[in-house]
Amino acid sequence: MSEVIFIGAGPGDPELITIKGQKAVRHADVIIYAGSLVPEAVIEDRRADAKVYNSATMDLKSIIDTMREATEKGQTVARVHTGDPSIYGSIREQIEELDKLGIPHRVIPGVSSFVASAAALQREFTVPGISQTVICTRMEGRTPVPDLEKIELLASHRASMSIFLSVGMISKLVEKLTKHYPLHTPVAVIQRASWPDQKIVKGMLADIAQKVKDENITKTAMILVGDFLGDEFENSLLYASHFTHEYRKGNNEHPSN
């Protein structure tokens, strides 16, 4: 049956697309992929006769027209987005147009760059005693953000933050973050997480802007902010010997005794 399948390609490493997403690419008649962010290796396992379009050179109308023409022929379209389509994926506007045309569609999730960045650092966003909340956001640029989601307001929570699409405004970002985070708060900037040329820059709010400029990182980078990047934390109760839960009885000996 003809349909459009939105697929999260993952952060860049071709092996980080899901098996389900890879199967959808492999069987698609038409592939529209975000060529500016998704490496071609992600779709190299496609059929020899599959038609491929790079959405970096297309506007919404041409994307929808391509999908319509394919599905009218009974073909399946794989719409391949970077990371996970639900985060800055711009899929809502495409789905709305497909609904108007009565074209079936579904979404296959993918690995977002913010979790790939944490993996590159071997860090956990939700560390007991430090943070149990992750905020995914971006700086306001050409795309505005709602007033209640301004960076300085979100920073007031002092939670773990993943900041997308903002490395080109790193100095302004630091200025806003330091309204609530101390200058010694650890920061990591990961450029092209999971790609062969991945680059990691670590620092504090006090010096990260200069370090990023020294490394000439201006785009395609994730900014992680928060004490979860530091070395002080509490162990989880999940594996504590004294902690009883549904699958294990604790030994009743609390480590403080």
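Modeller: Let's start with packing: the buried residues of α2 pack against β1 (4-8), β2 (30-33), β3 (51-54), β4 (77-81) and α3 (92-101). Contact here means heavy atoms within 4.5 Å. This is a predicted model, where local features need pLDDT of at least 70 and side-chain atom pairs count only at pLDDT 80 or more, while totals for chains, interfaces and linings use all residues. Residues are numbered from 1 along each chain as its sequence is written, and side-chain values use heavy atoms, with hydrogens and water left out.

Biologist: What makes α2 a helix, and what span is expected at 1.5 Å a residue?

Modeller: Helices are DSSP runs of H or I with at least four residues, strands are E runs of at least two, and both are numbered from the N terminus. Helix α2 covers residues 60-72, 13 residues in number. The expected span is 1.5 Å times one less than the number of residues; for α2 that is 18 Å, and the helix reaches 18 Å from its first C-alpha to its last.

Biologist: Which residues of α2 are buried?

Modeller: They are I63, I64, T66, M67, A70 and T71. They cover an arc of only 155° around the axis, so they sit on the same side of α2. That arc is taken from the directions from the helix axis to the C-beta atoms. The face turned away from this buried side carries the exposed residues K61 and E72.

Biologist: Why is T185 called buried?

Modeller: Buried means under 20% relative accessible area, exposed over 50%, and partly exposed in between (1.4 Å probe, protein chains only). T185 has 1% relative accessibility, so it counts as buried. Its place is in the loop between α6 (170-177) and β8. Leaving out residues up to four places away in sequence, T185 touches G203, M204, L205, V225, G226 and D227.

Biologist: And why is R158 called partly exposed?

Modeller: R158 has a relative accessible area of 40%, so it is partly exposed. R158 is found in the loop between α5 (151-155) and β7 (160-164).

Biologist: Is S194 buried or partly exposed?

Modeller: S194 has 22% relative accessibility, so it counts as partly exposed. Phi of S194 is also positive, near 80°, and S194 lies in the loop between β8 and β9 (199-204).
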